[in-house]
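I opened this structure for a first look. My notes follow in the order I took them.

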Amino acid sequence: MSDTTARTSDPVYDARYGDTAVFSAPPEPDPIPEPQPESTGKAPKPWSRDLRFMLVVIIAIAALFLAFALVVAFTPNGAGVSALAVVAAPIATMVAAYYGISLALRQVADARRAADAAEARARAAETTARESDAWAAQMESGLRVAVAKLAAARIETRDVERAAGTPDDFF
């Protein structure tokens, strides 16, 4: 049995089995724990990211509207439109860059959560495999003891060996 779990019940001695200890069924493995996000102060809520992006877009639109209003009010000619383009291009670039960075950070956070979940599943599978190997070794040992006792009592063990599905040279 693995060192990570302990059997919660004592073996039950039954007269039908002689001096062989009989255990209850193995304990159920614990469910896979859900990975918890790392606590670094207050974690941003998913809607707060969208709210921040929306705020940046609204401020950019307001700045462009103000620039357009100033151009129309003071210099409604070609030079004013060119000046508006000079003002509008960096604002649009900053909004696009903010969106790209926000999207990249969100993808990194999602990938990190997926990696943590996969690691937790792998640890749980490894623990289960270790427990299964230990349980199988215990059952193999019990089968060997049973066959040895039957052979000592001069009782045919061929049916037991066939039911266990062991190879011919196993015992």
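I began with the buried residues of helix 2, which are G80, L84, I91, V95, A109, A117, A120, A134, L143 and V147. Buried means under 20% relative accessible area, exposed means over 50%, and partly exposed lies in between (1.4 Å probe, protein chains only). Helices (H or I, at least four residues) and strands (E, at least two) are DSSP runs, numbered from the N terminus.

Before going on I noted the ground rules. This is a predicted model, where local features need pLDDT of at least 70, side-chain atom pairs count only at pLDDT 80 or more, and totals for chains, interfaces and linings use all residues. Residues are numbered from 1 along each chain as its sequence is written, and side-chain values use heavy atoms, with hydrogens and water left out.

I then checked the length of helix 2. It has 75 residues and reaches 109 Å from its first C-alpha to its last. That is close to the 111 Å expected at 1.5 Å a residue. The expected span is 1.5 Å times one less than the number of residues.

Next I looked up R154. This residue sits in the loop between helix 2 and helix 3 (158-164). R154 is exposed, with a relative accessible area of 78%.

Leaving aside neighbours within four places in sequence, I found T157 in contact (heavy atoms within 4.5 Å) with V147, L150 and A151. V147 is also one of the buried residues of helix 2.

**The whole chain**

Buried residues make up 11% of its 171 residues. The chain exposes about 13400 Å², and carbon and sulfur atoms supply 64% of that. These areas come from the Shrake-Rupley method with a 1.4 Å probe; for residues, only the protein chains shown count as cover.

**Confidence**

Last, I read the pLDDT, the predictor's confidence in each residue, from 0 to 100. The chain averages 76, and 70% of the residues score at least 70. Over residues 1-10 the pLDDT stays under 50. Where pLDDT is low, the predicted coordinates should not be read in detail.
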